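Please walk me through this structure, one part at a time.

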Amino acid sequence: MLTIDAAILDAIVAHARRDHPDEACGIVAGPAGSDTPARHVPMENAARSMTFYEFDSKEQLRLWREMDDADEEPVVVYHSHTATEAYPSRTDVSFAGEPNAHYLLVSTRDPEQTEIRSFRIVDGAVTEEPVQVVNAVVDSHAVQSYLFGQSPTTVDYECRAGS
Amino acid sequence: MAIEVRIPTILRSYTGGAKTVEGAGDTIADLLADLDSRHSGIKARLLTPEGGLHRFVNVYVNDEDVRFLGALDAKLNDGDSVTILPAVAGGAFAFAAAHALRG
């Protein structure tokens, strides 16, 4: 399961909406081994494409060194799909090179409703996982179809059946 | 000559978990051959069957991407630091088209 702060998730969705119809991408760094996404780093999509994203290789080196120095790791690697569902494409799976990361996909194909799904991608195998949003101000209109449980500060998004 | 090589998480199974290993070679190609002699299998994760540098990885000499330094022919000097990272890329594009785009 991915547990992520609502403010960080909101910032990721805002980034995806801002860059739409191009794909947006970035990471959320966190203390190594903590599995806690803490520091949102939006990245430029060097491909500037509606169907492809890539980090600029030198920007990536700078960020990965920075994380190494701070004893952080990329807890979340995210990108948006702007015309298709939030499910890893064959390209996503081929490139996925961070076995410890949560691969978060945001689909902005629907202007009203944002689809958010999280996956582990290890050795080419995709496994969907639930997303738990903490410190959420619950909006009963938000992504309602994926909501299965909520408390005043926590929202759980269930994995979609059959995926 | 000693080259420090930084190994990404996904390849540490080849280095017994080590984040950094030492290697030697006058070029990236020599260095990868040297690394493979002690960390068998690592080279195959970095090169395509045709022998080119794989599109799914970035290799840097100090601060520069080797794609701008002659790729596998990039020259190395004693004391250089080589960093290997998984390229972060993907998207809704079909694989074959993405592969063509990235060359």
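**A walk through two chains**

β3(B) and β4(B) make a hairpin with two residues between them, and Asn62(B) in its turn has a positive phi of about 55°. Helices and strands here are DSSP runs, numbered from the N terminus: a helix is H or I with at least four residues, and a strand is E with at least two. This is a predicted model: local features need pLDDT of at least 70, side-chain atom pairs count only at pLDDT 80 or more, and totals for chains, interfaces and linings use all residues. Residues are numbered from 1 along each chain as its sequence is written, while chains are lettered from A and ligands numbered from 1 in the order in which they are written.

β3(B) and β4(B), residues 64-65, pair in the antiparallel sense over two bridges. Two strands count as paired if DSSP finds at least two bridges between them. Tyr60(B) has Asp65(B) as its bridge partner, and Val61(B) stands opposite Glu64(B). β3(B) also pairs with β5(B): five bridges join them, and they run antiparallel. There, Asn58(B) stands opposite Leu85(B).

Now take in the whole sheet. Five strands of chain B form an open sheet in the order β2-β1-β5-β3-β4, with mixed pairing. β2 and β4 of chain B stand at the edges with a single partner strand each, so one side of each has no neighbour in the sheet. Strands of a sheet pair through backbone hydrogen bonds, either parallel or antiparallel.

Next comes a helix of chain B. The buried residues of α1(B), residues 28-38, are Ile28(B), Leu31(B), Leu32(B) and Leu35(B). Seen down the helix axis, they fall within an arc of 100°, so they line one face of α1(B). The arc is that of the directions from the helix axis to the C-beta atoms. An α-helix has 3.6 residues a turn, so residues three or four places apart point the same way. What covers the buried residues of α1(B) includes β1, β2, α2, β3 and β5 of chain B.

Step back to chain B as a whole. It has three helices and six strands. Along the sequence they follow the pattern β-β-α-α-β-β-β-β-α. Of its 103 residues, 30% count as buried.

Chain A has three helices and 11 strands. Of its 163 residues, 42% count as buried. Helix α1(A), residues 6-19, has 14 residues, which at 1.5 Å a residue should span 20 Å; its end C-alpha atoms are 20 Å apart, which agrees. The expected span is 1.5 Å times one less than the number of residues. Which residues of α1(A) are buried? They are Leu9(A), Ile12(A), His15(A), Ala16(A) and Asp19(A). These cover an arc of only 120° around the axis, which puts them on the same side of α1(A). Among the elements that cover them are β1, β2 and β6 of chain A.

Five antiparallel bridges join β7(A), residues 115-122, to β8(A), residues 125-129. Arg120(A) stands opposite Thr127(A). Two residues lie between the strands, and Asp123(A) takes a positive phi near 50°.

Finally, see how the chains meet. Two residues are in contact if their C-beta atoms, placed from the backbone, lie within 7 Å. The contact takes 21 residues from chain B and 27 residues from chain A. On the side of chain B, the elements that give two or more residues are β3, β5, β6 and α3. Strand β4(A), residues 53-54, is joined to β6(B) by two bridges, and the two run antiparallel. Glu54(A) has Ala89(B) as its bridge partner.

Definitions and conventions:
Buried ≥ 20, exposed ≤ 12 C-beta atoms within 10 Å, placed from the backbone.
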